[in-house]
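Please read them with the sequence and the coordinates open alongside.

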Amino acid sequence: MIELMNIHGNPNVGVYVFANNHVALVPPTVTEKDRRRIEEALGVEAIETRIADMIIDGVMVAGNDRGLLLPRIVKPEEYDALRSALSGKMRVEILEVRQTALGNLIAANSRAALVSPLVSRNVLGTVKEVLGVEVVTQSPLANITTVGSMVVVTDRGGVVHPGVSEEELRFLSNLFGVEFTPATVNFGLYFVKAGLVANNKGAIVGDETTGPELVRIQQALGLTD
């Protein structure tokens, strides 16, 4: 299932929401109607949380089905609440690096994690341990270092910033074990993560996404069944 929507009137839904195949993290400011739409589209339970008292969960959190990585500025009560809510389902750990927008720096599925060169190599072991996957630090994609903002990947397919080269496309497909398709969201936005949240079951997409963009995203993520 794929759902066109906005959050607080903003089509950049990926700024506010993080999801894997088990849960979606959403800000407590979302309406009950939007929360239900997110749950139905992604086939998961939505958990309300702020990160560092901010509502940009999709920007601040990275992870996959095995674990979540939170920024060092997360408040203790937020961290404890998430660990309690997700106990027995997945690990929740703080990544002690200077950068805090982890969602823009790390992309992961159940096979691999791609980490921005901005992230210190000293924490790559933690990323590998928490997510339980191969971890690769990539030089900039399309000359852009915030690689997490350019990629949305599940275990069924991937969408990526249209500026990547054919060689970079092959690299991504080999790393994550799925085919990647260059695409845009929200009427031409190249940074696809801002306007798209997806898992193996479905996706939510910014409501300014055009029909041709939507078809391309559905096909890329294997959501046309």
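1. Strand 6 (residues 67–71) and strand 7 run parallel and are joined by 5 bridges, where helices (H or I, at least four residues) and strands (E, at least two) are DSSP runs numbered from the N terminus, and two strands pair if DSSP finds at least two bridges between them. Within this pairing, Leu-70 stands opposite Ile-94 of strand 7. Strand 6, helix 4 and strand 7 together make a right-handed β-α-β unit, right-handed in the sense that, with the strands pointing away from the viewer, the path from the first strand over the helix to the second runs clockwise.

2. On the basis of these notes: this is a predicted model, in which local features need pLDDT of at least 70 and side-chain atom pairs count only at pLDDT 80 or more, whereas totals for chains, interfaces and linings use all residues. Residues are numbered from 1 along each chain as its sequence is written, and side-chain values use heavy atoms, with hydrogens and water left out.

3. A separate open sheet of 3 strands has the order 2-3-4, with mixed pairing. Strand 2 (18–19) and strand 4 stand at its edges with a single partner strand each, so one side of each is left without a neighbour in the sheet. Strand 2 and strand 3 (residues 23–26) run antiparallel and are joined by 2 bridges, and Ala-19 has Ala-24 of strand 3 as its bridge partner.

4. The largest nonpolar core has 18 residues, of which Leu-114, Leu-141, Val-151, Val-160, Leu-172, Phe-176 and Phe-180 touch the most other members; such a core is a set of buried Ala, Val, Leu, Ile, Met, Phe, Trp, Tyr and Cys residues joined through side-chain atoms within 4.5 Å. Two or more residues each are given to this core by strand 9 (112–115), strand 11 (151–153) and helix 6 (166–176), and the largest share, 4 residues, comes from helix 6. Apart from this core lies another, of 17 residues, among them Ile-106, Val-119, Leu-124 and Val-130.

5. Which residues of helix 6 are buried? They are Glu-168, Leu-169, Leu-172, Ser-173, Leu-175 and Phe-176, where buried means under 20% relative accessible area, exposed over 50% and partly exposed in between (1.4 Å probe, protein chains only). Seen down the axis of helix 6, the buried residues fall within an arc of 165°, so they line one face of the helix; the arc is that of the directions from the helix axis to the C-beta atoms. On the other side of helix 6, Glu-166, Glu-167, Arg-170 and Asn-174 are exposed.

6. The buried residues of helix 6 pack against several strands, including strand 8 (106–108), strand 10 (134–137), strand 12 (158–160) and strand 13 (180–182). Leaving out residues up to four places away in sequence, Phe-176 touches Ala-107, Ala-108, Asn-109, Arg-111, Ala-112, Ala-113, Leu-114 and Val-153, contact meaning heavy atoms within 4.5 Å. Helix 6 is followed by Gly-177, whose phi is positive, near 75°.

7. The whole structure holds 8 salt bridges, each defined as a side-chain nitrogen of Lys or Arg within 4 Å of a carboxyl oxygen of Asp or Glu. Arg-36 and Glu-32 meet in one of them (3.9 Å, N to O); being 4 residues apart in helix 2 (residues 32–42), they are separated by about one helical turn. Both are partly exposed, Arg-36 with a relative accessible area of 41% and Glu-32 at 45%.

8. Arg-37 is partly exposed at 22% relative accessible area, whereas Asp-34 is buried at 12%. Glu-3, Asp-34 and Arg-37 are linked in a network of salt bridges.

9. Lys-89 and Glu-45 meet in a further salt bridge (3.6 Å, N to O). Lys-89 lies in the loop between helix 4 (76–85) and strand 7 (91–95) and Glu-45 in strand 4 (residues 45–48), so the pair ties together parts that are 44 residues apart in sequence. Lys-89 is partly exposed, with a relative accessible area of 44%, and Glu-45 is partly exposed at 40%.
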